Amino acid sequence: MTANAHAKEDAASTHVLAQLASLLRSGDVQAALALTETASANSANPAEAAPEGAEADVIGRIASPPLDTLSFIERRKSGGGYNYWANVPAASSYADECEIGGRLAEEFASFIGKYHNNGNGALLGSIVIDMEKNGAGRGHKIGFLNTINKYAMGAAYFLHADAQESEQPWTKCRRLGRELAEALESTGEQQFAYIAPKGSGTPTLLFGHLDYHPSTETCNATSGAPEDGQDLSELFYELINLAELAAATLDILREMNYTRGDGSRNAELDRVVALQRVLCTNLGRLRESAEVLDGPRTWVPASIA
């Protein structure tokens, strides 16, 4: 029973984290904060007593100790409220001021991280105002705010991380295809790539070599016979590529489901595969016969010879 209980708690925790990540990515920080507070309240131990002198947040239901728990905040002796920059240790140098400011910022970050209710969410502004009012040194300000900026930068990273997850699948395919084409071009060789979907049963990515560029004439035999003959080697390379393409198509057809929903055999698909086998066989024979064209060599028509 204990193992099952832990498994349920872990699953619930994972679900809350997924919701929290989604809210942060969408920019709804308030909803994310409310979700965090609700989850914390639900997971709190009912038997655990609140901290002594705790001030309960009405909305967030997260109990927080008095603010003067922080070493640099003190309750005002008259008029109520707090002095948010008090009792700060003196410093003999700018470097010491930066060290003190950074240390107090770490204390502040630890406090709001542990007691992350709505009231503490507005605490930083009051601290900055009283830093100015009470004559905080430049080093105090730099050390304190740079440390807070470090934590804010970490939160911002998680807020905007995995932004490509929402990219539309076909848009992502086309983007990756362009990147692959650029990578192939940078090799200095004429290559092509065949990509199969995951789970198709064929290798996910196949590479081949092209000996011609599709933007140029693939065979000079169509442009008229030059006086000194023709180089027909490109025909042989075209046949190689065509045979490989036909073989890849046959591989895909073999992995398809030949049974219909009612349990009957898909006869039409059988016929297509049979025709594809014939095509592959004939292309293979034609490619073997065309090896004699593999150049470089010049073929001169018999009438000219």
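Gly199 sits in the loop that joins β5 (191–195) to β6 (205–209). Helices (H or I, at least four residues) and strands (E, at least two) are DSSP runs, numbered from the N terminus. The model is a predicted one: local features need pLDDT of at least 70, side-chain atom pairs count only at pLDDT 80 or more, and totals for chains, interfaces and linings use all residues. Residues are numbered from 1 along each chain as its sequence is written, and side-chain values use heavy atoms, with hydrogens and water left out.

Gly199 counts as exposed because its relative accessibility is 79%. Exposed means over 50% relative accessible area, buried under 20%, and partly exposed in between (1.4 Å probe, protein chains only). The C-alpha atoms of Gly199 and Glu255 are 9.8 Å apart in space, although the two residues are 56 apart in sequence.

Ile195 belongs to strand β5. With a relative accessibility of 53%, Ile195 also counts as exposed. Ile195, Leu205 and Phe207 make a nonpolar surface patch of about 300 Å². Patches are made of residues with over 30% relative accessible area and no salt bridge; like charges are joined within 9 Å, and nonpolar side chains (Val, Leu, Ile, Met, Phe, Trp, Tyr) within 5 Å. A salt bridge is a side-chain nitrogen of Lys or Arg within 4 Å of a carboxyl oxygen of Asp or Glu. Accessible areas come from the Shrake-Rupley method with a 1.4 Å probe; for residues, only the protein chains shown count as cover.

Beyond its neighbours within four places in sequence, Phe72 is in contact (heavy atoms within 4.5 Å) with residues including Trp85, Leu104, Phe108, Ile127 and Phe144.

The chain as a whole holds 8 helices and 6 strands. Their order along the sequence is α-α-β-β-β-β-α-α-α-α-β-β-α-α. Of its 305 residues, 25% count as buried. Among contacts with a separation of 6 or more, 51% are between residues 24 or more positions apart. The accessible surface comes to about 20,400 Å², and carbon and sulfur atoms account for 57% of it.
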